[in-house]
Structure formats: structure tokens, C-alpha cells
Amino acid sequence: MAKRLSMLMRMGNLTRTGQVGDGREEALADYVLAHAAPGDVDDAIRVIDEYAYRQATLINIGDEKGLVLDAAVRRAEPRLLLELGTYCGYSALRMSRVMGPKARLCSIEFSAANAAVARRIWDHAGLGERVTVLHGTLGDDGRTIDRLNSEYGFGPGRLDFVFVDHIARAYLPDLRRILDQRWLRPGSIVLADNMKVPGAPHYRAYLREHEGTQWRTREHHAHVEYQSWVKDLVLESEYLPSGAATGPGGTGPAPA
Ligand SMILES: C[S@@+](CC[C@H](N)C(=O)[O-])C[C@H]1O[C@@H](n2cnc3c(N)ncnc32)[C@H](O)[C@@H]1O
């Protein structure tokens, strides 16, 4: 409880830099390299959870909501995945072990320091080329979007799964950017974490407004990571064929 309170007091730092501000993310990478078996994704995940429970809490999806993420990826059987918000690479580790051997995950992270932490952990776990972190944001004047289109095989209808887990105020604008790119196809899944804490009311209202026409959303009730007293919510939204038939933000023709 005290550890979590001290982290909450550092929320301003988190929003500004993507890190808690006491060096715990770099310390996590050192800890994983010291305690997890090399080349073993399961063990890296186990050790990150252990660190979060015993050393310093982390803002990754955690073990409880992580099961929701695992199940959603399994159901979607994605070939191309996008994550918004890499942090230390924990959710990407989880996705990498349930996505198929030919699937590829691109994870976007605005903090260069976090991207470096994730890369160290992934290299130790032996993730290889299947998972990539790009330092940037979907809102950086097209730089990251251009890289995804030109270097990572993104294009109309190519994106099967999106995990939205970065910063609440960017959830809806970034979903609109994804729609503008027409990356989704009917049946693509968008999973969004932290829908109660801190919550993303505009994103939720948008999904509600388009429920049954552009999106079909399931709610997964769980708890905020690494504790059992504060509730949280994960939304799993399927992009519907009629939504795909209406172009960017639901206003134009679909790509052929
Ligand atoms: C909640 S953490 C992500 C946790 C990670 N998905 C996991 O479960 O292991 C949020 C991350 O998003 C990053 N971030 C904040 N704003 C962002 C943006 N606009 N685009 C990409 N990443 C962003 C932060 O630096 C932070 O590392």
C-alpha cells in the first residue's frame, strides 16, 4: 500500500517522462538480467511480476489483467499487432508468447529510456525480430506512422490487434489516427487497459456511441495491477464490418 501511494505521488513525473522517477525501470532491467533465465520469456515475465510485488510496483498490465490480454490475443490469432505504450516491455513479452510464430508486434513508446529498458529485457528473453519498439508516438507529425507504413508492413486492412495502454488523453486521438490510416479490417480487435484507473472517458463514450454499428465491445472487470483492492476495467472492442465500410472515423468509403 505504501509503495503504491508513493508511486501515486509521482504521477506528474510519470505523465511527463513515462518513468516513476526513482530509477525503478532501469533497476528492473538489471534485476531481470540477474534473475531470469536467458532466452526464457516465461521466466522474464515471472521475474518482472516478482519485482513488482517485492521491490517496487510497476505500471505494466500486471499478472491479473495480463490474463485478459493473453486471452484476447489468442482469440484474435493476429499476424500484425500494434501496442501503444511499451513501458518496460512486459505486455509485449506476454503477447509474444501467445501470438503465432509468424506474427509481428510493433510497440510504440514515447520515452527513449523506457524503450531502452524494454530492449534490454527483450534481448535477454530472446524475443528477436518478432517484437520491435519504436521510439515515438502516433501523434508525432507522421514520423512514426510513416515508419510503420514503410518499414513494418502496415497498410489498409493489415492490422489485426491493437493494445492501447499509453496515456488516457491520447486513447481516442490515436484510435482516430489508426482509423484514418485504414489499418483495421473487419474483425480487428482493439484492447484498452486502465479504463477505470485513470479512465479514458472520451474513448469510452466514443465506443458506446458506435456500439453495434462500428464496434462491439466486451468489458473485462479486474483490478489495478499488483494489488486487489482497486478495481479496473479492460475493454475489448471488435471492429465491425459496417464500421470498416465507412472509412476514417466512420465518414468515408472503405478501401477496396
Ligand atoms: C501504462 S505504461 C505501458 C505498460 C505496458 N503496456 C505494459 O503493460 O507492460 C504507459 C507507457 O506509455 C508511454 N507513453 C505515454 N504517452 C505515450 C504516447 N503518446 N505514445 C506512446 N507511448 C506513450 C509511457 O512512457 C509509458 O511507458
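1. A residue counts as partly exposed when its relative accessible area falls between the buried class, under 20%, and the exposed class, over 50%. Glu-151 has a relative accessible area of 44%, so Glu-151 is partly exposed. Keep those cut-offs in mind for the points below. The model is predicted.

2. Glu-151 has a partner. Its side chain meets that of Arg-147 in a salt bridge, 3.3 Å from N to O. Both residues lie in helix 8 (residues 143-151). They are 4 residues apart, about one turn of the helix. Arg-147 is partly exposed too, at 33% relative accessibility.

3. Glu-238 forms a salt bridge with Arg-216, and the closest N and O atoms are 3.8 Å apart. Glu-238 sits in strand 7 (residues 231-239), Arg-216 in strand 6 (residues 215-223). The two are 22 residues apart. Glu-238 has a relative accessible area of 28% and is partly exposed. Arg-216, at 46%, is also partly exposed.

4. Arg-24 and Asp-22 make another salt bridge, 2.8 Å from N to O. Here the two ends fall into separate classes. Arg-24 has a relative accessible area of 6%, which is under 20%, so Arg-24 is buried. Asp-22, at 38%, is partly exposed.

5. The structure holds 16 salt bridges. Some are joined up: Asp-42, Asp-70, Arg-94 and Arg-97 are linked in a network of salt bridges.

6. Which atoms of Ile-61, Phe-110 and Asn-114 lie by the ligand? For Ile-61, a backbone N or O atom is 2.8 Å from a ligand oxygen. For Phe-110, a polar backbone atom is 3.3 Å from a ligand nitrogen. For Asn-114, a side-chain N or O atom is 2.9 Å from a ligand oxygen. Taken alone, the ligand exposes 600 Å², and the protein buries 93% of that.

7. Last, the surface. Val-197, Trp-229 and Val-230 make a nonpolar patch of about 240 Å². Val-197 belongs to helix 10 (residues 195-199). Val-197 has a relative accessible area of 35% and is partly exposed. Patch residues need over 30%, so Val-197 passes that cut-off.

How values were computed:
Residues numbered from 1 in each chain as written. Predicted model: local features only at pLDDT ≥ 70, side-chain atom pairs only at ≥ 80, totals over all residues. Heavy atoms only, no water. Polar contact = N/O pair within 3.5 Å; in protein donor to acceptor, adjacent residues only side chain to side chain. Areas by Shrake-Rupley, 256 points an atom, 1.4 Å probe, with all protein chains shown as cover. Patch = residues over 30% accessible without salt bridge, like charges linked within 9 Å, V, L, I, M, F, W, Y side chains within 5 Å. Salt bridge = Lys/Arg side-chain N within 4 Å of Asp/Glu carboxyl O. Buried < 20%, exposed > 50% of the residue type's maximum accessible area, 1.4 Å probe, protein only.
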